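Dear colleague,

I am passing on the structure below, together with notes on what turned up in it. Please read the notes with the coordinates open beside them.

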Amino acid sequence: MELPSTPQVTRRCFVGGCAATALTTGTATADHQPCGKLPPGTVLAKKADVPLNGGVVVYFDDETSVVVAQPKKGTYTAFDAKCTHQGCMCSEVDNNLIICWCHDSRFSSVDGKRRSGPAKKPLPLIRTKVKGDDIVVA
Ligand code: FES
């Protein structure tokens, strides 16, 4: 089964809070493909949906979620949302920190490096590019 070309659900995480929201409806879901296998051109988010110094968490399936952040105006980053500690999904971006609430690990939204908490490894980077209004897998 192919991955949808658009994410099905995203969780907007602004500085100071989160709100779940439907973004777009895709036609299919992936079969547990790691984020590194998202094909080039896969739309991760719309630029307008990614707040400065914050980000969104885009859900593809139970094993595949991507954090898309904007740590600097016009600069977008993306990471596999699966926490490198014990595999929970990071669910919030606050003040340029990607947060996994399971055991409170925090990662930089600039480079994915661990800033605090029990995780030891950084979040895997997903290479992206801007295509029109979208942020897509490069
Ligand atoms: S699984 Fe993320 S901090 Fe433990």
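Val50, leaving aside its neighbours within four places in sequence, is in contact (heavy atoms within 4.5 Å) with Ala45, Gly55, Val56, Val68, Ala69, Gln70, Tyr76 and Ile135. This is a predicted model, in which local features need pLDDT of at least 70 and side-chain atom pairs count only at pLDDT 80 or more, while totals for chains, interfaces and linings use all residues. Residues are numbered from 1 along each chain as its sequence is written, and side-chain values use heavy atoms, with hydrogens and water left out.

Val50 also belongs, with Leu44, Val66 and Val68, to the residues with the most contacts inside the largest nonpolar core, which has 14 residues. Such a core is a set of buried Ala, Val, Leu, Ile, Met, Phe, Trp, Tyr and Cys residues joined through side-chain atoms within 4.5 Å, where buried means under 20% relative accessible area, exposed over 50% and partly exposed in between, with a 1.4 Å probe and protein chains only. Two or more residues each are given to this core by strands E3 (43-46), E4 (55-61), E5, E6 and E12 (134-137), and E4 provides the largest share, three residues. Strands (E, at least two residues) and helices (H or I, at least four) are DSSP runs, numbered from the N terminus. A second, separate core of 12 residues includes Cys90, Ile98, Cys100 and Leu123.

Turning to the pairing, where two strands pair if DSSP finds at least two bridges between them, E5 (residues 64-72) is joined to E6 by five bridges and the two run antiparallel, with Val66 having Asp80 in E6 as its bridge partner. The hairpin of E5 and E6 has two residues between the strands, and Gly74 takes a positive phi near 80° there. Strand E6 (residues 75-80) is mostly covered, since five of its six residues are buried.

E11 (residues 128-131) and E12 are likewise antiparallel, joined by four bridges, and Thr128 has Val137 in E12 as its bridge partner. These two strands form a hairpin with two residues between them, and Gly132 in the turn has a positive phi of about 65°.

Finally, there is an open sheet of four strands in the order E7-E8-E9-E10, with antiparallel pairing. Strands E7 (92-94) and E10 (114-116) stand at its edges with a single partner strand each, so one side of each is left without a neighbour in the sheet. Within this sheet, E8 (residues 97-100) and E9 (residues 105-108) pair over four bridges, and Leu97 stands opposite Ser108 in E9.

Best regards
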